[in-house]
Amino acid sequence: MSEFSVLEMEQGNNGLGKVEIAPEVIEVIAGIAASEVEGVASMRGNFATGVVERLGKKNHGKGVKVELTESGIKVDVYCMMKFGISIPSVASKVQDNIRQALLNMTALDAEEVNIHVVGIQFENQKNEPEIIDTEV
């Protein structure tokens, strides 16, 4: 598990207070940034996230694990790719998109952005209705 529960922003001494970012916020930013890349079919979730999404609540942080350590932020992304795309190319675009989104939205630079391809999604083919012979 991570050693820190929130990440404190370094923004200089302006006398107004401090800004802290929870790891869940970084997960959401990384999840949305990964989903935006063409070639990513979906993010991996678990049974609980599937049930919650069926009830209408979107979980943007699913498939993303953030670890805050003394050396920096490590982001692990678990996603499914579309069939027929170049996996190394799309994975590199996902890394770049996540790194840029984190930098733009939080001014934080991720030490590592690891992409784990957990499956391939094929195009949905039209299923012809199966004819069942009920006569005996």
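Which residue in strand 5 does valine 64 stand opposite? In this predicted model, local features require pLDDT of at least 70 and side-chain atom pairs count only at pLDDT 80 or more, whereas totals for chains, interfaces and linings use all residues. Residues are numbered from 1 along each chain as its sequence is written, and side-chain values use heavy atoms, with hydrogens and water left out.

The residue opposite valine 64 is valine 77. Strand 4 and strand 5 run antiparallel and are joined by six bridges; two strands are taken to pair if DSSP finds at least two bridges between them. Two residues separate these strands, which form a hairpin.

The chain contains three helices and six strands, where helices (H or I, at least four residues) and strands (E, at least two) are DSSP runs numbered from the N terminus. The order of the elements from the N terminus on is β-β-α-β-α-β-β-α-β. Of the contacts (heavy atoms within 4.5 Å) in the chain with a separation of 6 or more, 67% are accounted for by residues 24 or more positions apart.

Of the 136 residues of the chain, 30% count as buried, a term that denotes under 20% relative accessible area, with exposed meaning over 50% and partly exposed in between (1.4 Å probe, protein chains only). The chain exposes about 9600 Å², of which carbon and sulfur atoms supply 51%; accessible areas come from the Shrake-Rupley method with a 1.4 Å probe, and for residues only the protein chains shown count as cover.

When residues up to four places away in sequence are not counted, valine 40 touches Ala34, Cys79, Met80, Met81, Lys82, Val90 and Val94.

One aromatic pair was counted, under the rule that rings of Phe, Tyr and Trp (its six-membered ring) pair if their centres lie within 6.5 Å, with planes under 30 degrees apart classed as stacked, over 60 as edge-to-face and the rest as tilted. Phenylalanine 83 and phenylalanine 122 form this tilted pair, at 5.0 Å centre to centre and 35° between the planes. Because phenylalanine 83 lies in the loop between strand 5 and helix 3 and phenylalanine 122 in the segment after strand 6, the pair ties together parts that are 39 residues apart in sequence. Phenylalanine 83 and phenylalanine 122 are both exposed.
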